[in-house]
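Reader: I have a chain open on my screen and would like to go through it with you, piece by piece. Could you take my questions as they come?

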Amino acid sequence: MMLPTEIAAARLRLSRERPYLAAALWALQPVERPGLGTLAVDKWWRLYFDPAICSTWSVEQIAGVLYHEVCHLLRDHHSRAEAISADPSLFNLAGDAEINDDLLNEGILLPGQPV
């Protein structure tokens, strides 16, 4: 599956700015999910994306969200949640907060009002 140009550009931008993330970014398998309203990943390294975000978010914002999603994978959040039988929605929110404080401290631009 081909990524929309804006998401592909964001992935390239992020891999150039943070080359240590390149292997993870290029390992993601894109899956189009209209109506999702964001990007998301699962433990099998699938990147779910709503093509509509491309018209509302800048490439810099998309790169920030890609960075966020890769952090979920690299920090092994799915295995941690499974290990303690955590509520997936609550664990995801906690993971979002744990990631976003680091990204915002780095000056990463995220769309909307991140957790």
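Predicted model: local features only at pLDDT ≥ 70, side-chain atom pairs only at ≥ 80, totals over all residues.

Reader: Where is the place of Gly 107?

Author: Gly 107 sits in the segment after α5, where helices (H or I, at least four residues) and strands (E, at least two) are DSSP runs, numbered from the N terminus. Residues are numbered from 1 along each chain as its sequence is written, and side-chain values use heavy atoms, with hydrogens and water left out.

Reader: Is Gly 107 buried or exposed?

Author: Gly 107 counts as exposed because its relative accessibility is 57%, given that buried means under 20% relative accessible area, exposed over 50% and partly exposed in between (1.4 Å probe, protein chains only). Its C-alpha atom is separated by 9.6 Å from that of Gly 64, which is 43 residues apart from it along the chain.

Reader: And Gln 61, what does it touch?

Author: Leaving aside residues up to four places away in sequence, Gln 61 touches Thr 56, Leu 109, Leu 110 and Pro 111, where contact means heavy atoms within 4.5 Å. Gln 61 belongs to helix α3, and with Pro 111 it forms a pair that is 50 residues apart in sequence but 5.8 Å apart in space, C-alpha to C-alpha. Gln 61 counts as buried because its relative accessibility is 17%.

Reader: Switching to the core, which residues touch the most other members of the largest nonpolar one?

Author: Those are Ile 7, Leu 39, Ile 62 and Leu 66, out of the 27 residues in the largest nonpolar core. By a nonpolar core I mean a set of buried Ala, Val, Leu, Ile, Met, Phe, Trp, Tyr and Cys residues joined through side-chain atoms within 4.5 Å. The elements that give two or more residues to this core are α1 (5-17), α2 (22-27), β2, β3 (46-49), α3 and α5, and α3 gives the most, with eight residues.

Reader: What does Ile 62 touch, then?

Author: Ile 62 touches Glu 6, Ile 7, Ala 10, Leu 39, Ile 53, Cys 54 and Trp 57, again without residues up to four places away in sequence. Of these, Cys 54 counts as buried, because its relative accessibility is 12%.

Reader: How many disulfides does the structure hold?

Author: The structure holds zero disulfides, a disulfide being a pair of cysteine sulfur atoms within 2.5 Å. Cys 71 is another buried cysteine, with a relative accessible area of 7%.

Reader: Where is Arg 11, and what does it touch?

Author: Arg 11 is placed in helix α1, and it touches Leu 3, Leu 25, Trp 26, Leu 28 and Leu 66, not counting residues up to four places away in sequence. Although charged, Arg 11 counts as buried at 15% relative accessibility, and its C-alpha lies 6.6 Å from that of Leu 25, 14 residues apart in sequence.

Reader: Now the pockets: what volume does the largest one have?

Author: The largest pocket has a volume of about 640 Å³. On a 1 Å grid over the protein atoms alone, a pocket is an open set of points where a 1.4 Å probe fits, with protein on both sides within 12 Å along at least five of seven lines, and lining residues have an atom within 4 Å of a point. Grid points are joined across faces, edges and corners, and a volume is the space filled by probe spheres set on the points.

Reader: Which residues lie nearest its centre?

Author: Among the 28 residues that line the largest pocket, His 68, Glu 69, His 72, Asn 92 and Asp 96 lie nearest its centre. Two or more lining residues come from each of β2 (39-41), α3 (59-74), α4 (77-83) and α5 (88-105).

Reader: And Val 41, what does that one touch?

Author: Val 41, in strand β2, touches Leu 28, Arg 46, Leu 47, Tyr 48, Glu 69, His 72 and Leu 73, not counting residues up to four places away in sequence.

Reader: Last one, where is Ser 85?

Author: Ser 85 lies in the loop between α4 and α5, and it has a positive phi of about 50 degrees although it is not a glycine. Ser 85 is exposed, with a relative accessible area of 66%.
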